[in-house]
Amino acid sequence: MIDLRSDTVTRPDTRMLEAMMKANVGDDVLGDDPAVKTLEKITAAMFGTEASLFFPSGTMANQVAIKVHTSPGDEVICDESSHIYNFEGGGIALHSGCSVKLLRGDRGRFRAEDVADQINDRDDVHQALTRLVAVENTSNKGGGSCYDFRELEKIAEVCTQENLIFHLDGARLFNAVIRSGDSPLQYGRLFDSISVCLSKGLGAPVGSVLVGDSDFIARARRFRKAFGGGMRQAGYLAAAGIYALENNIERLAEDHRRAAELEETLLSLPYVDNVLPVDTNIIIFSLAKKIDTGIFLDELKKEGIAMIPFGKQHIRAVTHLDFSDKDMETVISVLRNRKRKG
């Protein structure tokens, strides 16, 4: 099966498995797992932050960050398409007791003036206290869209002026970094906290890392425990993350190239109505109204190709390190053959 449902479907290659098998491990809940400590040290250094913390998932990393930064009754500003709002089980309300103000950005990206316009009056007791601004880069529902770093700097200025916390859901941040040429250090200086996934484009089987200052990470460690995120011999997983950071960042450009080629093919097909502009490794396209999405996906599955529905008439495909040029040729051939079949 050529699996394009997500970049989370990757499997560790032989070298990553060897790194995992050779990991020097301890008990991370007791604070003595050497591999976890190394991963956290490497990640903090990449972003120039004081500390970092290893998590089982990006969702937990995001939700713990929100929990640390807010109090019940506070308000979080984010885009209406954001992962923290749409795909994390209502965690903002469940875990932090916060309300959410949704902005309507451009493919998941909002502007500094959008934030400034939506900050509640702190002296008005009728309104929730605006506390946190969260951005997602790249944006999943935005089709892997990337923020212009200058716009992020402007949003950060608003946050500083208004005494707001600035959090980055950077699940696919390394895709944005490869696309833009910006550095993790630039991001580390801009945000109060950043979550980054190791289990998407970087190919590790499990894990995300949350970075920030020492006080923030100390509080995050306590909430990670309360959330059930403490892991024992987590060094086997951390070793995969270390390998991913050291070997799989630059190669993300290959995923972007293949995604752009798939975009070009889809734009040429008469049964495809629209394709969101492809910036990185996510392709979201819409089918003509006469095409049943379920039937279309079943047809692809019979040809050995898996994609997922992503809203009415919309389908998502994601390129990754287990998707080769040969696989891409097969996918393009199948898509074009459907055109000839009518």
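Visitor: Which residues line the largest cavity?
Guide: Ala 171, Arg 172, Phe 174, Asn 175, Cys 197, Lys 200, Gly 201, Leu 202 and Leu 252 line it. A cavity is a set of points on a 1 Å grid over the protein atoms alone, where a 1.4 Å probe fits but cannot get out; a lining residue has an atom within 4 Å of a point.

Visitor: What kind of model is this?
Guide: This is a predicted model, where local features need pLDDT of at least 70, side-chain atom pairs count only at pLDDT 80 or more, and totals for chains, interfaces and linings use all residues. Residues are numbered from 1 along each chain as its sequence is written, and side-chain values use heavy atoms, with hydrogens and water left out.

Visitor: Back to the cavity. How many of 30 Å³ or more does the structure hold?
Guide: One. The largest cavity has about 40 Å³ of space. That volume is the space filled by probe spheres set on the grid points, which are joined across faces, edges and corners.

Visitor: And the lining, by class? What does it have?
Guide: Five nonpolar, two polar and two charged residues. Ala, Val, Leu, Ile, Met, Phe, Trp, Tyr, Cys and Pro count as nonpolar, Asp, Glu, Lys and Arg as charged, and the others, including Gly, as polar.

Visitor: New topic, rings. How many aromatic pairs?
Guide: The count is eight aromatic pairs. In Tyr 187 and Phe 191, the ring centres are 6.3 Å apart and the planes at 10°, so this pair is stacked. Rings of Phe, Tyr and Trp (its six-membered ring) pair if their centres lie within 6.5 Å; planes under 30 degrees apart are stacked, over 60 edge-to-face, and the rest tilted.

Visitor: Are Tyr 187 and Phe 191 buried, or exposed? What's the call?
Guide: Tyr 187 and Phe 191 are both buried. Buried means under 20% relative accessible area, exposed over 50%, and partly exposed in between (1.4 Å probe, protein chains only). Ring pairs also join Tyr 187 and Phe 191 with Phe 149 and Phe 166 in a cluster.

Visitor: Why is the pair of Phe 285 and Phe 296 edge-to-face?
Guide: The centres of Phe 285 and Phe 296 are 6.4 Å apart and the planes at 80°, so the pair is edge-to-face. This pair links distant parts of the chain: Phe 285 is in strand β10 (residues 282-287), Phe 296 in helix α13 (residues 293-302), 11 residues apart. Helices (H or I, at least four residues) and strands (E, at least two) are DSSP runs, numbered from the N terminus. Phe 285 and Phe 296 are both buried.

Visitor: What about salt bridges? How many in the whole structure?
Guide: A search finds 20. Each has a side-chain nitrogen of Lys or Arg within 4 Å of a carboxyl oxygen of Asp or Glu. One of them joins Arg 109 and Asp 106, with the closest N and O atoms 2.9 Å apart. Arg 109 is buried at 19% relative accessibility, while Asp 106 is partly exposed at 47%.

Visitor: Where are Glu 254 and Arg 258?
Guide: In helix α12 (residues 252-267), four residues apart, so about one helical turn separates Glu 254 and Arg 258. Their side chains meet in a salt bridge (3.8 Å, N to O). Glu 254 is partly exposed at 36%; Arg 258 is buried at 7%. Salt bridges with shared partners join Glu 254, Arg 257, Arg 258, Glu 261 and Asp 325 into one network.

Note on methods. On a 1 Å grid over the protein atoms alone, a cavity is a set of points where a 1.4 Å probe fits but cannot get out, and a pocket is an open set with protein on both sides within 12 Å along at least five of seven lines; lining residues have an atom within 4 Å of a point.
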